[in-house]
Amino acid sequence: MTASDSFDKLKKQVDDAQRTISAAVTEDEAKVGAKLDQARSSAEDRAAELRARTQDASDKAEDHWHEIQRDWDAHIQRTRQRIDQTKSEIDATVALNDAEQAEADAMDAIDFASAAIGEAEYAVLDALQAQRKAQELVAASS
């Protein structure tokens, strides 16, 4: 799969997430809970795949990407712990505070994803440029 294809796959993932979120706004708690569980499972699967790819490519990967992955994993862990803890609490004040924190976490994740999409766009364009330059050099040396 090319970098451009991966970027197309990312757009589809964003579109799918948007449809799921839009539908969830009008659904009952049970359906939203099921979607939440599915989203968590999918996110964990994608994170595991990313860690595996990062590990496989560790000789080529730059250290700062590993640091970003570790920071992201720590953020996810903190968020998931908060979500798991709040499921067992009923107090209305706590629930309101938790809702505000959950919204802030969602906004942080969206901001992170937005920045990552920008970096992905830059990296895809850089890869395309590097491939063209390499093809030019190969053609010139033939």
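**Figure 1. Helix H1 packed against helix H4 in a predicted model.** H1 covers residues 3-24 and H4 covers residues 92-141; their axes (lines fitted to C-alpha atoms, for helices over the stretch in contact) sit 9 Å apart. The packing angle is about 160°, on a scale from 0 to 180 degrees between N-to-C directions. H1 and H4 are therefore roughly antiparallel, a label for angles over 145 degrees. Their crossing is left-handed, meaning that the near helix is turned anticlockwise from the far one by less than a right angle.

**Figure 2. Who touches whom between H1 and H4.** On the H1 side, the contact (heavy atoms within 4.5 Å) uses Ala3, Ser4, Phe7, Leu10 and Val14. H4 brings Ile117, Ala120, Glu121 and Val124. Sorted by type, that makes seven nonpolar residues, one polar and one charged.

**Figure 3. The chain as a run of helices.** There are four helices and zero strands, so the order from the N terminus is simply α-α-α-α; helices (H or I, at least four residues) and strands (E, at least two) are DSSP runs. Of the 142 residues, 9% are buried, meaning under 20% relative accessible area with a 1.4 Å probe, protein chains only. The accessible surface (Shrake-Rupley, 1.4 Å probe) comes to about 11,200 Å², with 56% from carbon and sulfur atoms.

**Notes.** Residues are numbered from 1 along each chain as its sequence is written, and side-chain values use heavy atoms, leaving out hydrogens and water. Local features need pLDDT of at least 70, side-chain atom pairs count only at pLDDT 80 or more, and totals for chains, interfaces and linings use all residues.

Note on methods:
Buried < 20%, exposed > 50% of the residue type's maximum accessible area, 1.4 Å probe, protein only. Parallel < 35°, antiparallel > 145°, perpendicular 65-115°, else oblique. Nonpolar A, V, L, I, M, F, W, Y, C, P; charged D, E, K, R; others polar.
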